[in-house]
Amino acid sequence: MKTSKWMFKYIKPYVPGMVFAFLLTITNTVLSNVRPLIQGMIVDEVFEGRNISLLGTLVAAMLIAILLKDVFRIIDHYILEGTSQKIIKNMRVELYTSLQKQDFSFFDSNRTGDIMNRLTGDIDSIRHFIAWVMNGMIENLFLFVTALCILGSINPTLTLILVALTPVIGTAGFFFSRKVGPAFRNARACLSQLNTVAQENISGNRVVKAMVREGFELEKFDKANNAYKDANIASNRIAQKYMPLLNFLANTLNVLVLVVGGWMVISEKMTIGDYVTFNSMSWALNAPMRSLGWLINDTSNMLASAEKVKEFYLAEPAIYGNKADKERNKRLEGNVTFKNVSFSYDGAPAIKNVSFEAKRGQTIAIIGETGSGKSTVANLMFRFYDATEGEVLLDGMNVKDMSLKHVRKSMAMAMQDIFLFSDTIEGNIAYGNPEASFEEVKEAAIKADAHGFIERMPEGYDTIVGERGVGLSGGQKQRISLARALLKKPSILILDDTTSAVDMETEKYIQEMLAREGGNRTMFIIAHRISSVKNADLILVMEKGSIIERGTHEELVALGGKYKEVCDTQMGSFNVKEGE
Amino acid sequence: MARNKFDVDEKLESQFKFEYIVRLAKYLLPVKNLMFLTLGLVVLTSILNMLSPMITRHAMDVSLPDKDFKTVVLLGLGLLSIYVFNAVIERFRLKAMNIAGQSLVADLRRDVFMKLQQLPFDFFDSRPHGKILVRVINYVNSISNLMTGGLINLITDTFTVIVTFVMMLVLSVKLSLIMLCGVVIFSAVIFMMKNKQRRVWQNYSAKQSNLNAYIHESISGIKVTQSFNRETKNREIFETQCENVRTSFMKAKIIDICNWPMVETISTLTTCMVFLVGGSELVSGGSITAGTLIAFVGYVSLFWTPILNICNYYNQLVNTAAYLERIYEVLDTPVLVKNLPGAVDMGEAKGDVEFKNVDFSYEEGVKILDDMSFKVKRGETIAIVGPTGAGKTTIINLLTRFYDIQKGEILIDGENITKFTLSSLRENVGVMLQDTFIFSGTVYDNIRYGKLDATDEEIKKAASVVCADEFIMELEKGYETEVNERGSRLSTGQRQLISFARVLLSDPKILILDEATSSIDTKTEKALQEGINRLLEGRTGFVIAHRLSTIRNADRIMYIDKGTIKECGTHDELMEKKGYYYKLYTSQYAE
């Protein structure tokens, strides 16, 4: 889709209002001649002609014209500013909606700072275009055409000679736009990079301080900051070259009027009266030409931004739900089947040929080394990624045939990498169910053994936690994240390393609670500790992306393989201690 | 500390000071010659521009009636050369303003960023990161034109107004005073609107900041959002944020929009008064002659145009003030933890650590550490255990001076740590943080963060000591694989290993492991443990972990609860004591 066409889609609903505003602009362009005109009449008729009786009328006329013009101007600008605000709001909301649909590979390859910049800075240059540049174009076009008509009716020959300059100006304008476009695109890219560097520095401020890397960060920032500065200077440099040129060309109109017009008057091809009119009207031809520079400049800037916004807007997620899914509003029973599932990130295999079946109400544990593919199993169940080979089935349905809402509605995960929002603790727990009552939030917190420490905070559930839960310990964050998952009352609950940072007593409490209220809930426990997994109905031991052993705790211990080995390392100390 | 969330406007701690403008102007000092030169040239152009109507008039009044084409051509050439000169000067002016404006922005941004590096955690913890980012990027960008092009125009416009006014005074004092009245009236009106105008722009900048915060959070938390099916709700919130931005913008803009027409109306009224008074003087045969009046009228628009420009500049200033305040709020935030006067480089520490009656609280009234004292000898490894939120991480934050204590003393090698420079202290005390952060870049870049001049070989060695080598080699480009902040590419355990290698590379004298191994599987951890043991040789170590198998090997174990040390001793001693530690330890396998 062409950028201009894409833009027009947003402008279209507001066309009538904008046309009205443009008409007001044109009226004002006409009205702005009134003041000098009347001023001239006052000088000629009243002061020189001594016709004092006219003074009152002329002054009143001038006042009325200016008042009208000012009122029109206010309405005009209010409409244009208002329209541009509405348009960018619609753009932002649609872009945001489209972003939320993107899959993980999108977020893996686009940096936060860049995405943010498209939603803010880039959209702002579109706003400027709609509120100001379009209006400027119309106004200048009107001026140019009117001046052309009036002058043409007075003296077509001289007008034609003046117009002959237009192609020259047009050519200069064309080269300007050709050159400034890429420069703006470059500046935009540099701004995104600068935003990314600053954003990572702010988000990673703890690491920066812990590693005493302030100097290094400043160096990194200087590089991006200077690159952005240089890119701006470079794009302005093009304007520096062309703007004075365009102005100069527009000004030569005056010289042409003076010399050619003068020659025509002298050779009696034109009256001195017409010459005076030409002279006073030539600004109306030359002003639009002079404005061409900034119009091109700002339009190119807008186009560079609009392209970036459009690109994200049009990005199609590779993972999307089946819209024809008729059972989208049904809750899942909780049966999960993996059939020969393989998955690789950019060609690096993460899991290979994984098969298992989890029945409603069962607890499945996955244990294995760091990077053995445990979390990938959860990611595939949620359809954050699609299996490269094989099938993931929920209640017998292939996840690819279901709507995303259907897949994710009755599934909840307490994640390994906990993200909390800068909201109250209550808001964070209720994230998945914003309509939940306070009682429900509290209940979930109690189940996750979070109620106690929350109550101890000075503001309790109203305590605002920083982004990523800064200010809370790892264990506290894990329990809030667990409460958040529990509040969703899922049919399938995935605990991805959820209790690794809580102390043993807490883990025991949580496990007992989960077992007690489990019922029909299917549960996946991804963990390193034997103590976390040993009560599961089925334990999957993963290594390098494959399931190498499966069975219950007793079966696996009896098997004497990898699980037993892990078990011995972890429990070994226990036996020693018993002997003490 | 009070925390701010995305949908709450940040309160402004300080009011706008004129001083901000002066400080901003200081950024122009390096280019002051350029600025003065430009100013001079701009004045020169405006004088030249006054010549061009004279040329046209001469042609019309003299040359054409005389049919003197030669003079017409000469006048045409004269006009052309004025335009050429104008174009050259304009180009110079644009160039100068470009360099001055962009340098000002870049320098100001650098200072804001540099300040951020000195600010304590509180600053970052107490507000959404999007709200900090918007100041560094978006707000600073909006300043560029204010001090350069705008400033030059302001000076030339003021100059023009004064010159014109003097000319008018010479012609007629009475009429000039009428004009002056107009200026006084509209100045008063604008001045009265100032406070309201400032408030609405402040409000708008706050809404912009909120929106930025929400966008930032939405992107960072996208996985949570998608897994909880929150898209619709988030869209609603986002829409509300956008709507707030829109309405606050319109509220601010309407004042702007009315400003210009208002000034124009007042100027027209004043002009009308001049005409009426002048006209009646003319009739009554007063002191004002027709000639004076005509000349006076000629100055009227010459007088008002620059005043309208100045008025626009003033508007721009008031609008940008809302951003400037925020920028200077950052720049003027006091740095609480900083080098004391006379702080010295620590050199290489030996590693004795002592806490002497330390009291500490993050928020007033909530004591995290209460009169805590302990001593650790060089080379010793101390494990710190205790329930969640007991104050374990706080000890680390204090030892590295991320916060300053309220009472007591923290000593390294017998010297109070406040005697040393922060950077030398932190170079000696390495921390493996609870939250790992991966920067966008390659795996190499991320590990090299610990030692900037490390060779690839050193990096590989550090990675293999912490058992990260194996998984890194399995990534499609090994150490050259690009990873990023949200990097779903890497599991939490893998990210911990990378950040572990990072710390190893930095080779600190005192090493702190803060729940460093909670997401690493037992096998890796065992191998890691060997690595750590080797590493801890000759270093003082603090280990915070919940897995007791990891800490059994420590020389001493401290059990902490509610900000005090409840128990301290070796594993065996504490087991024998059958106290807190015993209870914690046995619960691990009790069934």
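This report covers a helix pair in chain A and a sheet with its covering helix in chain B. The model is predicted.

**Helix pair in chain A**

Two helices are described by the angle between their axes and the distance between the axes, when they are packed. Here the helices are α4, residues 53-101, and α6, residues 112-154, both of chain A. Their axes come within 9 Å and cross at roughly 155°. Angles over 145 degrees count as roughly antiparallel, so α4(A) is roughly antiparallel to α6(A). The crossing is right-handed.

The α4(A) side of the contact includes A:Leu80, A:Ile87, A:Ile88, A:Met91 and A:Leu95. On α6(A), the residues met include A:Ile115, A:Leu119, A:Ile123 and A:Ile130. A:Arg92 of α4(A) and A:Arg127 of α6(A) also belong to this contact. By class, the contact has 12 nonpolar, 3 polar and 3 charged residues.

**Sheet in chain B**

Chain B holds an open sheet of 4 strands in the order β2-β1-β4-β5, with antiparallel pairing. The strands span these residues:

| Strand | Residues |
|---|---|
| β1(B) | residues 353-360 |
| β2(B) | residues 369-376 |
| β4(B) | residues 407-412 |
| β5(B) | residues 415-416 |

β2(B) and β5(B) stand at the edges. Each has a single partner strand, so one side of each is left without a neighbour in the sheet. β1(B) and β2(B) pair in the antiparallel sense over 5 bridges. In this region, B:Phe355 stands opposite B:Phe374 of β2(B).

Helix α12 of chain B, residues 392-399, lies across β1, β2 and β4. α12(B) runs at about 110° to β1(B).

Note on methods: Residues numbered from 1 in each chain as written. Chains lettered and ligands numbered in written order. Predicted model: local features only at pLDDT ≥ 70, side-chain atom pairs only at ≥ 80, totals over all residues. Axes fitted to C-alpha atoms, helices over the stretch in contact; angles between N-to-C directions. Helix = DSSP H or I, 4+ residues; strand = E, 2+ residues; numbered from the N terminus. Parallel < 35°, antiparallel > 145°, perpendicular 65-115°, else oblique. Left-handed = near helix turned anticlockwise from the far one by under 90°. Contact = placed C-beta atoms within 7 Å. Nonpolar A, V, L, I, M, F, W, Y, C, P; charged D, E, K, R; others polar. Pairing = 2+ DSSP bridges.
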